[in-house]
Amino acid sequence: MSRLGRRLAFDYGDVRIGVAVCDPDGILATPLEFLSTKNPALKQSILHLCSEYEPRKIYVGLPLHLSGEHSESTSKAIAFSEMLADLVSCPVELVDERLTTSSASISLSQAGVNAKDQRKKIDSQSAVVILESGLAKDRE
């Protein structure tokens with residue numbers, strides 16, 4: 001796959017879905033506004049993002065236990081990725097997201113974001129970590 005072109009990443013959660021996008025060169029990952037899982041127009045919001053950014057690939061975080069075992073969250077993320085694959089024309093790939101929330105929290109703390117404000121940003125910052133992991137894997 002060509003390295004040029006934007007990619008999107010989603011961090012699926014029961015309430016919010018974190019979203020991140022990279023630049024066309026696949027170097028800089030940027031958090032976007034999270035999506036509400038309960039929004040009846042969720043699919044339209046995703047289509048709007050895809051129309052705006054024209055991603056060449058989409059990554060979805062795959063939540064696993066530290067042991068690598070699946071959980072209830074794993075099944076939900078897989079179902080979300082399958083819905084995405086049916087909705088969009090680009091490839092959708094699952095990316096191991098173990099410890100992404102911890103990593104995202106550390107990044108936000110280092111940027112001076114307090115714990116209260118982190119709750120509003122953690123999902124999309126986790127999507128940034130997922131995106132960076134997916135991009136690194138594709139570079140291998």
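Me: Buried means under 20% relative accessible area. On that basis, which residues of H1 are buried?

Reply: In this predicted model, the buried residues of H1 are Leu42, Ile46, Leu49, Cys50 and Tyr53.

Me: What puts them on the same side of H1?

Reply: The arc that they cover around the axis is only 95 degrees, and this places them on the same side of H1. The spacing follows a general rule: an α-helix has 3.6 residues a turn, so residues three or four places apart point the same way.

Me: Which residues are exposed on the other side of H1?

Reply: Gln44, His48 and Ser51 are exposed there; for this label the relative accessible area must be over 50%.

Me: What do the buried residues of H1 pack against?

Reply: Their partners are S1, strand S2 (16–22), strand S3 (29–36), strand S4 (57–62) and H2. Contact here requires heavy atoms within 4.5 Å.

Me: Why is the pair of Phe10 and Phe80 called edge-to-face?

Reply: Two aromatic pairs are counted when ring centres must lie within 6.5 Å. The centres of the Phe10 and Phe80 rings are 5.7 Å apart, and their planes stand at 75 degrees. An angle over 60 degrees counts as edge-to-face, and the pair is therefore edge-to-face.

Me: What makes this a link between distant parts of the chain?

Reply: Phe10 belongs to strand S1 (residues 7–12) and Phe80 to helix H2 (residues 72–87), and the two are 70 residues apart. Both Phe10 and Phe80 are buried. Together with Tyr12, they form one aromatic cluster.

Me: How do you know that Arg16 lies over the face of Phe34?

Reply: Arg16 is at 5.6 Å from the ring centre of Phe34, and the rule asks for CZ of Arg within 6 Å of the centre and within 35 degrees of the ring normal. Arg16 is accordingly placed over the face of Phe34.

Me: What pattern does the protein chain follow along the sequence?

Reply: The order is β-β-β-α-β-α-β-α-α, with four helices and five strands. Of the 140 residues in the protein chain, 44% are buried. Among contacts between residues at least 6 apart in sequence, 60% join residues at least 24 apart.

Notes: Residues numbered from 1 in each chain as written. Predicted model: local features only at pLDDT ≥ 70, side-chain atom pairs only at ≥ 80, totals over all residues. Heavy atoms only, no water. Buried < 20%, exposed > 50% of the residue type's maximum accessible area, 1.4 Å probe, protein only. Phe/Tyr/Trp six-rings, centres within 6.5 Å; stacked < 30°, edge-to-face > 60°. Arc of directions from axis to C-beta.
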